[in-house]
Amino acid sequence: MQYNVIVIGAGMVGTSIAWHLQKNGSKVLLLDKKAPGSETSYGNAGLIQREAIHAHAFPRQLSKLVQVLPNQRTDVRYSLSGVLRYSSALLQYWKYSSDKYLPQIEQEWSTLIKHCIDEHAVMVAETKAEHLIKKVGWIELHRCQNEFDAALNLAKNCPDPEIEYQALSVSELQAIEPNINVSELVGAIHWKNTWQVNNPGELVRVYAKHFEQLGGEVGQAEVQALQQTGKGWQVTVKDNSYLADHVVIATGAWSDKLIKPLGYELPLFPMRGYHLHFKQEDDNVIHHPLFDMHKGFVIGPMQQGLRVTTGAEFSLLDSEKRLNQLNKVLVCAKQIVGLNEAVEAEPWSGFRPCMPDMKPVIGAAYQHQNLWFAFGHAHHGLTLGPVTGRLIEEMIHGKTPFVSTVPFATNRFLSQ
Ligand SMILES: Cc1cc2nc3c(=O)[nH]c(=O)nc-3n(C[C@H](O)[C@H](O)[C@H](O)COP(=O)(O)OP(=O)(O)OC[C@H]3O[C@@H](n4cnc5c(N)ncnc54)[C@H](O)[C@@H]3O)c2cc1C
C-alpha cells in the first residue's frame, strides 16, 4: 500500500496532524510503537492553555540559579548526566531566556497560542469529545505576597485582550473551592479561558478513532529507519516497511533518534515530569485544576482521580525514575487538599520535548524533500497539537498556512 503521508508518533501532535491530513483528502498511516496517546500526551496536567502567552524561560538571576543547585526544589530538579548530555542545548536555552530574545520569542509563540481553543473546539465537536472537556479555567495559587503582586501585575498588563482572569482573595478562593486548605495561601488568580481535559490520553484516542472513521489507518510498530526513494519515503519497522509520498516526524522527545541518521542535529532536549493519582472522596473534591505557583506543581481532577503533576527534571530519556521531587511535591500538595489513597502503585513519568528557544519545530525538513518535522512543544503539546496539525496539513497540501510558520522553521538553528 502506498500512502500519501505517514505520520510517525501518535501523541496529541501526530494524531492531530494525521486527522487534519486525512480529513482533507490524503491517505494517511499513523504509526506509533504504542497505542495513540500512551506517552507524554497521556500524563500531562490536561490544560489547553489559552492564557499561556509567556515562555517558560530558564532562570537567569544568580540568586535563583543558586537555589536550584542543591537539587532540592519542588519545581526544578536535574540529574548530572542529563545536564552533561544536553549541556549545549541548555546553554542555548539560557541564552534565549535573556531580555534580548524573550520579547520576540513570546510574540511569535503567542501567534500559535491564540488559536489553541478554536482549533481544539473544531476537533472536539467533530469527534464528539465534549465529555472530556471542562471549560472552567484553572486557578493559580500563591503562597508568597511578593510573587502574588508580581503575578497580578503581569496579568493586568496582559497584551492580549481576549484573555480573561479574576484575582481572588483567600476567602473568595475558599468559596469556590471549599475543600481546600487556604491557610498557607495569600491569594489566587483564576484564568478563565483555559479548558481542562479530564483524561488527555483518552482525548488523543478519541481523535485517533475518528481519524480511522475518516479512513485513516493506525499502525502499532516502532519505526527503525527512514529512507528516501526518489521523491517519496520508505519507513521501516520490524519485519515490514511502508511507502509514502511524505513523512512527518512527530515523535516528541524521541524525535532525535529518527532525524539524526538523516543528518539533522537539532538541539532538542527532554524535560521530565511525573504524576500520581489519588482517590477522589467527598472531602477532597475540587472543581478546578490548581497550580501551586510557589512550589511548581498542579493538582487536577481527572477521570482517574486527583492527578498531581510535577514541574521540570532535566534528565536522560532512558534513566530510572527519580521520585524525590514527586515525594516532596506530595508533601506540599497534601497541605492544600486531602490525598489519602494513591490509585497507582508506581508514579507515571513522561518527557516534554523542549527546544532552547522555547518554540516548537513545525515545517519542512531543510535537507530532504517531502519530510516534515513537528515536535518540540515542551510544556504545551496538548494545547498546540491541533494548531500544529492544521499547519502541517496546509503546508503539505500546498496551502498558505493560517499562521506564519517562519518562526518555527526547521533550519533556524543552522547559523548558531
Ligand atoms: C507533567 C507534565 C505536565 C504537562 N502539562 C501540560 C498541560 O497541562 N498542557 C499542555 O499543553 N501540555 C502539557 N505538558 C506537555 C505535553 O504533555 C507535551 O508537550 C505533549 O504531550 C507532547 O506531545 P507529542 O505528541 O509531541 O509527544 P508524545 O505524546 O510523547 O508522543 C510521541 C509519540 O511518539 C512515539 N514514538 C517515539 N519514537 C517512536 C518510533 N521510533 N516509532 C514509533 N513511535 C515512536 C511515542 O510512542 C509517543 O506515543 C505536560 C507534560 C508533562 C510531562
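Where is the place of Asn-71? Asn-71 sits in the loop between α3 (62-68) and β4 (76-78). The legends below take this and other sites in turn. This is a predicted model, in which local features need pLDDT of at least 70, side-chain atom pairs count only at pLDDT 80 or more, and totals for chains, interfaces and linings use all residues. Residues are numbered from 1 along each chain as its sequence is written, and side-chain values use heavy atoms, with hydrogens and water left out.

**View 1. The annotated domain, residues 5-394.** An unreviewed UniProt entry carries the annotation "domain: FAD dependent oxidoreductase" for residues 5-394. UniProt positions follow the numbering used here, feature names are shortened, and annotations may be inferred rather than shown by experiment. Over this span the chain is 33% helix and 26% strand. The end C-alpha atoms are 13 Å apart. Helices (H or I, at least four residues) and strands (E, at least two) are DSSP runs, numbered from the N terminus.

**View 2. Helix α1 against helix α10.** Residues 12-23 form α1, and residues 200-213 form α10. The two pack at an angle of about 25°, with their axes 9 Å apart. That makes α1 roughly parallel to α10. Angles under 35 degrees count as roughly parallel, over 145 as roughly antiparallel, 65 to 115 as roughly perpendicular and the rest as oblique. Axes are lines fitted to C-alpha atoms, for helices over the stretch in contact, and angles run from 0 to 180 degrees between N-to-C directions. α1 passes α10 in a left-handed crossing. Left-handed means that the near helix is turned anticlockwise from the far one by less than a right angle; clockwise is right-handed. From α1, Met-12, Thr-15, Ser-16, Ala-18, Trp-19 and Gln-22 make the contact. From α10 come Leu-203, Val-204, Tyr-207, Ala-208, His-210 and Phe-211. Contact means heavy atoms within 4.5 Å. By class, the residues of this contact are eight nonpolar, four polar and no charged. Ala, Val, Leu, Ile, Met, Phe, Trp, Tyr, Cys and Pro count as nonpolar, Asp, Glu, Lys and Arg as charged, and the others, Gly among them, as polar.

**View 3. Helix α7 against helix α10.** Helix α7 spans residues 116-127. It packs on α10 at about 65°, with the axes 10 Å apart. The crossing of α7 and α10 is left-handed. His-120, Met-123, Val-124, Glu-126 and Thr-127 of α7 meet Leu-203, Val-206, Tyr-207 and His-210 of α10. This contact has five nonpolar, three polar and one charged residues.

**View 4. Positive phi at Asn-71 and Met-358.** Most residues other than glycine have a negative phi. Phi of Asn-71 is near 65°. Asn-71 is buried, at 16% relative accessible area. Buried means under 20% relative accessible area, exposed over 50%, partly exposed in between (1.4 Å probe, protein chains only). Phi of Met-358 is near 60°. Met-358 lies in the loop between β19 (348-354) and β20 (361-364). Met-358 is buried too, at 11%.

**View 5. Glu-140 in strand β6.** Strand β6 covers residues 138-142. Glu-140 counts as buried, at 5% relative accessibility. Leaving out residues up to four places away in sequence, Glu-140 touches Ala-151, Gly-187, Ala-188, Ile-189, Trp-191, Phe-291 and Met-293.

**View 6. Glu-108 in helix α6.** Helix α6 covers residues 102-113. Glu-108 is buried, with a relative accessible area of 11%. Glu-108 touches Lys-359, Pro-407 and Phe-408, not counting residues up to four places away in sequence.
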